[in-house]
Amino acid sequence: MTKNVYVIGAGKLGCQIANNLSKEGFNVTIVDLSNEVFNKIQDFSGFTRVADFTNPSALDNFNLDNLSMLIVVTGDDNKNIFIADMCNYMFRIKDIYIRLYDSNKEKLITSENIHSICPFLLSIKYFDSLKIQEKN
């Protein structure tokens with residue numbers, strides 16, 4: 001059974017995630033506010049759609065009931081949280097992943113279905129793993 005995935009946000013991260021998932025065999029649709037941003041996608045076998053996912057009525061044009069995963073990586077933390085919460089509430093999507101620049105906003109996530117990825121925290125963990133020692 002093919003897994004349907006939507007990636008919201010066609011920036012560098014969204015395009016790379018969409019490319020990777022598409023190559024792994026997922027049925028991927030990448031969504032953004034502008035058609036121009038889709039030019040960054042190379043060797044992408046999925047679909048592109050122009051839509052505003054912050055508008056609940058726009059979601060009626062998408063088949064979100066059969067979605068396996070939603071990935072929200074716009075450049076705005078508040079939008080990412082809002083889209084994730086709205087899609088979780090309206091469609092009960094099992095796995096929703098969002099990027100948050102501000103790791104303090106993680107406490108705004110109340111659903112177990114919504115998983116946050118914070119570049120700041122990942123960077124700290126990576127630097128900690130390097131065990132950088134003071135050079136004499």
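**A parallel sheet, its cores and its ring pairs**

Arginine 49 lies over the face of phenylalanine 62, at 4.1 Å from the ring centre, where a charge counts as sitting over a ring if NZ of Lys or CZ of Arg is within 6 Å of the ring centre and within 35 degrees of the ring normal. The model is predicted, with local features needing pLDDT of at least 70 and side-chain atom pairs counting only at pLDDT 80 or more, while totals for chains, interfaces and linings use all residues. Residues are numbered from 1 along each chain as its sequence is written, and side-chain values use heavy atoms, with hydrogens and water left out.

Phenylalanine 62 also belongs to a cluster in which ring pairs link it with Tyr6 and Phe53; rings of Phe, Tyr and Trp (its six-membered ring) pair if their centres lie within 6.5 Å, and planes under 30 degrees apart count as stacked, over 60 as edge-to-face and the rest as tilted. The structure holds 4 aromatic pairs. One of them joins tyrosine 6 and phenylalanine 53 edge-to-face, at 6.4 Å centre to centre and with 75° between the planes. This pair links distant parts of the chain, since tyrosine 6 is in strand E1 and phenylalanine 53 in the loop between E3 and E4, 47 residues apart; helices (H or I, at least four residues) and strands (E, at least two) are DSSP runs, numbered from the N terminus. Both tyrosine 6 and phenylalanine 53 are buried, where buried means under 20% relative accessible area, exposed over 50% and partly exposed in between (1.4 Å probe, protein chains only).

Tyr6 and Phe53 are among the residues that touch the most other members of the largest nonpolar core, which has 24 residues; such a core is a set of buried Ala, Val, Leu, Ile, Met, Phe, Trp, Tyr and Cys residues joined through side-chain atoms within 4.5 Å. Strand E1 (4–8), strand E4 (69–72), helix H2 (77–91) and strand E5 (95–99) each supply at least two residues of this core, and the largest share, 6 residues, comes from H2.

The strands themselves, 6 in number, form an open sheet in the order E3-E2-E1-E4-E5-E6 with parallel pairing, two strands being paired if DSSP finds at least two bridges between them. Its edge strands are E3 (47–50) and E6 (114–117), each pairing on one side only. Within the sheet, E4 and E5 pair over 4 bridges, and valine 72 stands opposite isoleucine 98 in E5.
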